[in-house]
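Biologist: I've got a chain open on my screen and I'd like to talk it through. Can you take my questions one at a time?

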Amino acid sequence: MAGIVNYISQSYDELKNHVTWPSFAEAQRLSVLVLVFSVIFALAIWGVDTVFGELVEEYFKWVKS
């Protein structure tokens, strides 16, 4: 049990004293950047999924006839 407490204590100390945190403005800018790229990537995946779905549907219509 002492090992877990020691680990948590050292982790807290590392985060508090040794990590360089970004400024609030930089964190906001980077968060917006991640959000924009996530939306773009999601739309790209949706588009590819829609196109492949239509292709598969047309293929099965062609095979069925």
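Biologist: Is K61 buried, partly exposed or exposed?

Modeller: Keep in mind that this is a predicted model. Buried means under 20% relative accessible area and exposed means over 50%. K61 comes out at 47%, so K61 counts as partly exposed.

Biologist: Which residue meets K61 in a salt bridge at 3.6 Å, N to O?

Modeller: Side chains of opposite charge can pair when their charged atoms come close. For a salt bridge, the nitrogen has to be within 4 Å of a carboxyl oxygen. At 3.6 Å, the side chain that meets K61 is that of E57.

Biologist: And where do K61 and E57 lie, and how many residues apart are they?

Modeller: Both sit in helix α2, which covers residues 24–64. Their spacing is about one turn of the helix, and that comes to 4 residues.

Biologist: What about E57, is it buried, partly exposed or exposed?

Modeller: The same cut-offs apply: under 20% is buried, over 50% is exposed. E57 has 39% relative accessibility, so E57 is partly exposed.

Biologist: What is the N to O distance in the salt bridge of E58 and K61?

Modeller: E58 and K61 both belong to helix α2, 3 residues apart, again about one turn of the helix. E58 is partly exposed, with a relative accessible area of 43%. The side chains of E58 and K61 meet at 3.8 Å.

Biologist: Which residues are linked in a network of salt bridges?

Modeller: K61 meets E57 in a salt bridge, and K61 also meets E58 in one. A search of the whole structure finds 2 salt bridges. The linked residues are E57, E58 and K61.

Biologist: Let's zoom out. What radius of gyration does the protein chain have?

Modeller: The chain has 2 helices and 0 strands. Along its principal axes, the C-alpha trace spans about 70 × 40 × 10 Å. A compact globule of 65 residues would have a radius of gyration near 11 Å, but this chain has 24 Å.

Biologist: What share of the residues count as buried?

Modeller: The chain exposes about 6300 Å², with carbon and sulfur atoms supplying 71% of that. To count as buried, a residue needs a relative accessible area under 20%. Of the 65 residues, the share that count as buried is 0%.

Key:
Residues are numbered from 1 along each chain as its sequence is written. This is a predicted model: local features need pLDDT of at least 70, side-chain atom pairs count only at pLDDT 80 or more; totals for chains, interfaces and linings use all residues. Side-chain values use heavy atoms; hydrogens and water are left out. The radius of gyration is taken over C-alpha atoms; the globule rule is 2.2 Å times the number of residues to the power 0.38. Buried means under 20% relative accessible area, exposed over 50%, partly exposed in between (1.4 Å probe, protein chains only). Accessible areas come from the Shrake-Rupley method with a 1.4 Å probe; for residues, only the protein chains shown count as cover.
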